[in-house]
Amino acid sequence: TGVGPYEGGPVHVETSGRRKARARLAKAHAKVAQARATTLHALTKTLSTSYAVVVVEDLAVKGMTAAPAARPDPASPGAFLPNGAAAKAGLNRAVLDAAFGEIRRQLAYKTSWYGSTLQVAPRFYPSSKTCSACGAVKAKLRLAERVFSCSACGHAEDRDINAAKNLAARSWTPAESGSLKTPAEPAHASRRRADNDAGRPWPTRAPVTVGEESPTRPPPSPA
């Protein structure tokens, strides 16, 4: 049997080969989704159990993934100049694939489970533009500049490491960082509470000091 997109249109026959191809594609998508979820859960659990304080930035993902504005060509009315939309589309996919919101959601409830603390840096805190050595703030830092160079003290460092040091050196209250809504617990949270009520508490993690390994995790083996 077949169904056409409109009356009198071409009929697309659902063949066995097409059904098998659709099944293979669905299986591949499910495999990728499972690998992504496993990686995110492993990462957030490691952060929650290895450090007493975890700091994340309140990123405006919607603004980061917005399409660039069109650039009208003043010399040709009705025409437009290149605006880098193709390159921006690739960056948008990379940002969305990183799943910043899901990482923050998991950290919010896992840090409460394991006795650590989650802090959210304010959205407009210039962590990448601030020098981690002297505290000077650069007026402008392009995304293409991967190395932070301070004009005040000469300090040079990878921009991501420099930003991480600035975040680790600060602490924010909920009023400073904005409201941090408690996310919905996953489905197995109800089982956790039921086990606690039945006298079968889940294993807990003792709080650890920043920079120290978790007492429940073995120290890393030398390379």
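What percentage of the 223 residues of the protein chain count as buried? The share is 23%, where buried means under 20% relative accessible area, exposed over 50% and partly exposed in between, with a 1.4 Å probe and protein chains only. This is a predicted model, in which local features need pLDDT of at least 70, side-chain atom pairs count only at pLDDT 80 or more, and totals for chains, interfaces and linings use all residues. Residues are numbered from 1 along each chain as its sequence is written, and side-chain values use heavy atoms, with hydrogens and water left out.

**Confidence**

- The protein chain has a mean pLDDT of 80, and 72% of its residues reach 70 or more; pLDDT is the predictor's confidence in each residue, from 0 to 100.
- Confidence is highest in helix H1 (residues 16-50), at a mean of 94, and lowest in strand S1 (residues 2-3), at 51.
- Residues 179-184 have pLDDT below 50, and this stretch has nine contacts in the model beyond near neighbours in sequence; contact means heavy atoms within 4.5 Å.
- Residues 205-217 also have pLDDT below 50, with 24 contacts beyond near neighbours in sequence.
- Where pLDDT is low, the predicted coordinates should not be read in detail.

**Overall fold**

- The protein chain has seven helices and eight strands, which are DSSP runs (helices H or I, at least four residues; strands E, at least two) numbered from the N terminus.
- Of the contacts between residues at least 6 apart in sequence, 56% join residues at least 24 apart.

- Ser50 lies in helix H1 and is buried, at 5% relative accessible area.
- A polar atom of the Ser50 side chain is 2.7 Å from the backbone oxygen of Thr46.
- Helix H3 (residues 85-97) has 13 residues and spans 18 Å from its first C-alpha to its last, close to the 18 Å expected at 1.5 Å a residue; the expected span is 1.5 Å times one less than the number of residues.

**Aromatic rings**

- The structure holds two aromatic pairs, meaning rings of Phe, Tyr and Trp (its six-membered ring) with centres within 6.5 Å; planes under 30 degrees apart count as stacked, over 60 as edge-to-face and the rest as tilted.
- One of the pairs joins Trp113 and Tyr114 edge-to-face, at 6.4 Å centre to centre and 85 degrees between the planes.
- Trp113 counts as buried because its relative accessibility is 16%, and Tyr114 because its value is 11%.
- Tyr109, Trp113 and Tyr114 form one aromatic cluster.
- The charged end of Lys138 sits over the ring of Phe148, 5.6 Å from its centre; the criterion is NZ of Lys or CZ of Arg within 6 Å of the ring centre and within 35 degrees of the ring normal.

Terms used: Polar contact = N/O pair within 3.5 Å; in protein donor to acceptor, adjacent residues only side chain to side chain.
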